[in-house]
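Hi there,

Here is the structure I promised to pass on. Please have it open while you read, and my notes follow below.

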Amino acid sequence: MHPTAYLTHPLCLAHDTGPNHPERPERLRAIRQALARRGLDAHLLFLEAPAADRALLAQVHDPAYLDALAASVPTRGRVWLDTDTPVSPASWDAALRGAGAVATAVDGVLDGAYRRAFCAVRPPGHHAERARAMGFCLLNNIAVGAARALARGLERVAILDFDVHHGNGTEDIVAGDPRILYCSTFQHPWYPYSGTGRHAANILPVPLPAGTGGAAYRHAVEEHWGPALEAFRPQLILVSAGFDVHRADPLAGLNLETTDFRWLGEWIGAHADAHGEGRVVAALEGGYDLHALGESASAYIAALAGV
Ligand SMILES: [Zn+2]
């Protein structure tokens, strides 16, 4: 029995995006309730995330950006960093816990405390660039996890990003680093309208047209991500788990079903088994229909946990 960890922190609920914002605290509650409904609680190790430390964050983000972001947080109300991205009094601390969750999960799998982990965190991360907040994202949680893995001595880390939106921030941060392979699927053309131009050798974008369903999606993953992972042989797989690729999601137009997330969890797990002693650390990105998010994330986490 290999335990699977579930990392989060109450501060992730306190990041207050205001009324009518799709990236809201209820998202984490929907996942937690779906896990309980599916009877998964007994299979998971629930852990509270510590705050990420400054030295680790500075490997991923411009130090001046970190200072500006921390200073941008208001003492009351909200400040908007772009048209989509508000910060509230708890946002900096929530972001530190989000990045800290992924870094801690990387430590946990490398230390053998558990084999796989899901980080139920917000704000999400994959649009956050080295020196810019964007698209609901403040700190690039998954890139922080990759930096932690490299600092621990790993030589090959894969990031697989199945969010419906292209992870422009992750690409910005990891492009050109041969120790990291960044594979993504995303709807194209769609926000943030990046990902299909010239890119570094360690970046593998798979743009998909609106309306793509589960069968075509699985085929694209097997055809493009499969050979890349076989050639790269990652010692650890990190996952930007964006459940906004579900057909019910209000923010985009791909058509995955709940069962496709089970498949993704198993497919990614098999590749981790082949090269990385089964080690997978996933972090929540998108997913804005609460029911679909709960069902999809719990299906994915069940696959991670092998139940
Ligand atoms: Zn997204």
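Where is N20 found? N20 sits in the loop between α1 (11-14) and α2 (26-37); helices (H or I, at least four residues) and strands (E, at least two) are DSSP runs, numbered from the N terminus. N20 is not a glycine, yet its phi is positive, about 70°. With a relative accessible area of 81%, N20 is exposed; here exposed means over 50% relative accessible area, buried under 20%, and partly exposed in between (1.4 Å probe, protein chains only).

Before going further, a word on the ground rules. This is a predicted model, in which local features need pLDDT of at least 70 and side-chain atom pairs count only at pLDDT 80 or more, while totals for chains, interfaces and linings use all residues. Residues are numbered from 1 along each chain as its sequence is written, and side-chain values use heavy atoms, with hydrogens and water left out.

D163, in the loop between β6 (157-161) and α7 (168-174), and D244, in the loop between β9 (236-241) and α9 (258-275), are 81 residues apart, and the pair links distant parts of the chain. Both aspartates count as buried: D163 has 1% relative accessibility, and D244 has 0%.

What is the order of the strands in the open sheet? The 8 strands are arranged β2-β1-β5-β10-β9-β6-β7-β8, with parallel pairing. The edge strands, each pairing on one side only, are β2 (44-48) and β8 (203-208). From one strand to the next, the twist averages 15°. Two strands pair if DSSP finds at least two bridges between them; β1 (residues 4-8) and β5 (residues 116-119), for instance, are joined by 4 bridges, and A5 has A117 as its bridge partner in β5.

Helix α8 (residues 214-232) lies across β6, β7 (180-187) and β8, at about 175° to β7. Helix α9 lies across β5, β6, β9 and β10 (280-284), at about 160° to β9. Axes are lines fitted to C-alpha atoms, for helices over the stretch in contact, and angles run from 0 to 180 degrees between N-to-C directions.

Apart from that, β3 (residues 79-82) and β4 (residues 85-87) run antiparallel and are joined by 3 bridges; a hairpin connects β3 to β4 through 2 residues.

The core

The largest nonpolar core has 97 residues, of which F118, F162, F243, V281 and Y300 touch the most other members. Helix α5 (residues 91-111) gives the most to this core, with 11 residues. Such a core is a set of buried Ala, Val, Leu, Ile, Met, Phe, Trp, Tyr and Cys residues joined through side-chain atoms within 4.5 Å. Leaving aside neighbours within four places in sequence, Y300 is in contact (heavy atoms within 4.5 Å) with residues including F118, F162 and F243.

Helix α6 (residues 141-151) is mostly covered as well, with 9 of its 11 residues buried.

Backbone details

Most residues other than glycine have a negative phi, and most peptide bonds are trans. R233, in the loop between α8 and β9, has a positive phi near 50° and is partly exposed at 42% relative accessibility. The peptide bond from R122 to P123 is cis, with omega near 0°, and P123 lies in the loop between β5 and α6. The bond from H188 to P189 is also cis, with omega near -5°; P189 is in the loop between β7 and β8.

Best wishes
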